[in-house]
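This report describes how parts of one protein chain are arranged against each other. Please keep the sequence and the structure at hand while reading.

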Amino acid sequence: MQTPFVIALDGPAASGKGTLARLISEHYGFAHLDTGTLYRGVAWLLLAEGGDPAEGDAAARVAREFDTAKIVGADIRTKEVGAAASVVAADPAVRAALLEFQRRYAANPPNSASGAVLDGRDIGTVVCPEATVKFFVTAGAKVRSHRRWLELLDARPELEESTVYNDLIERDARDAARSDAPMIAADDAELLDTTHLSIDAAFAAARRVIDGVFRRCG
Ligand code: CDP
């Protein structure tokens with residue numbers, strides 16, 4: 001079997017990496033793993049059992065017992081779960097427990113796909129340092145929080161945009177400052193700033209990079 005073509009997309013909250021990852025995976029017929037789902041899933045399970053995200057042992061236990069089947073239908077996209085996810089994600093024992101699953105996914109993409117797209121914070125640096133193509137997707141904080149506010153508005157019409165902004169800044173700071181696998185661009189990542197790009201334009205820019213690598217790889 002050929003080594004899978006692995007695309008790593010990292011970046012801060014609501015930078016557009018999730019949407020890009022989905023479009024890229026559909027376009028190339030690759031599998032897609034949103035690794036934030038794993039951290040959000042651990043946080044959601046922990047909160048559901050009344051646990052404290054800052055209390056290391058409980059989060060690590062939930063992470064070791066984690067199975068995506070346990071979070072089917074769970075509302076993991078709330079800002080509360082996002083905040084708790086970034087707290088549990090700072091725990092090295094939680095990260096270690098989730099690492100193997102991510103690496104296995106990249107090495108053996110489901111449904112015999114010839115490649116995998118993984119999006120998160122540490123894919124290009126820690127999970128798949130040998131990824132075929134790496135992107136670090138950014139956008140200005142105001143633009144990102146506006147996007148996230150629009151996403152959350154249906155479920156939470158009372159939510160203030162300034163609250164979403166403050167949460168996002170706090171989460172980014174925690175993700176960038178942690179000592180284990182901080183959110184940082186890999187040296188060999190392509191920087192993609194989506195502040196002034198539509199999703200179509202960002203997708204086109206990503207495709208140019210990926211197609212260039214395909215041509216070079218033959
Ligand atoms: O969708 P959004 O960008 O808001 O966040 P997410 O990708 O769902 O990730 C939620 C949280 O999980 C992040 O704030 C990180 O703390 C953590 N995370 C991580 O540490 N490493 C990853 N590879 C993915 C997510």
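**Two domains**

The model is predicted. Its chain is assigned two domains: domain 1 covers 1-30 + 114-218, and domain 2 covers 36-108.

The size of an interface is often given as the accessible area lost when the parts come together. For domain 1 and domain 2, the buried area is about 1700 Å², and 52% of it is on carbon and sulfur atoms.

**Helix pairs**

| Pair | Axis distance | Angle |
|---|---|---|
| α2 (residues 36-48) and α5 (residues 92-107) | within 11 Å | roughly 135° |
| α2 and α4 (residues 79-88) | within 8 Å | roughly 105° |
| α4 and α8 (residues 161-177) | 9 Å | about 15° |

The axes of α2 and α5 cross at roughly 135°, which makes α2 oblique to α5. The crossing of these two helices, α2 and α5, is right-handed. On α2 the contact is formed by L38, Y39 and V42, and on α5 by V94, R95, L98, F101 and Q102. Sorted by class, the residues of the contact of α2 with α5 are 6 nonpolar, 1 polar and 1 charged.

Helix α2 also meets α4, and here the axes cross at roughly 105°. At that angle α2 is roughly perpendicular to α4. From α2 the residues Y39, R40, V42, A43, W44, L46 and L47 take part, and from α4 the residues V81, G82, A84, A85 and V88. The contact of α2 with α4 divides into 10 nonpolar, 1 polar and 1 charged residues. Y39 and V42 of α2 are listed in the contact with α5, and Y39 and V42 are also listed in the contact with α4.

Helix α4 packs on α8 at an angle of about 15°, so α4 and α8 are roughly parallel to each other. The crossing of α4 and α8 is left-handed. Which residues make this contact of α4 and α8? They are K79, G82, A83, S86 and V87 of α4 together with T163, D167, R171, R174 and D175 of α8. By class, the contact of α4 with α8 holds 2 nonpolar, 3 polar and 5 charged residues.

W149 lies in helix α7 (residues 141-153). Setting aside neighbours within four places in sequence, W149 is in contact with L159, E160, E161 and V164.

Methods: Residues are numbered from 1 along each chain as its sequence is written. This is a predicted model: local features need pLDDT of at least 70, side-chain atom pairs count only at pLDDT 80 or more; totals for chains, interfaces and linings use all residues. Side-chain values use heavy atoms; hydrogens and water are left out. Axes are lines fitted to C-alpha atoms, for helices over the stretch in contact, and angles run from 0 to 180 degrees between N-to-C directions. Helices (H or I, at least four residues) and strands (E, at least two) are DSSP runs, numbered from the N terminus. Angles under 35 degrees count as roughly parallel, over 145 as roughly antiparallel, 65 to 115 as roughly perpendicular and the rest as oblique. A crossing is left-handed if the near helix is turned anticlockwise from the far one by less than a right angle, and right-handed if clockwise. Contact means heavy atoms within 4.5 Å. Ala, Val, Leu, Ile, Met, Phe, Trp, Tyr, Cys and Pro count as nonpolar, Asp, Glu, Lys and Arg as charged, and the others, Gly among them, as polar. Domain bounds come from an automatic or database domain assignment. Buried area is the accessible area (1.4 Å probe) that two parts lose on being put together, summed over both.
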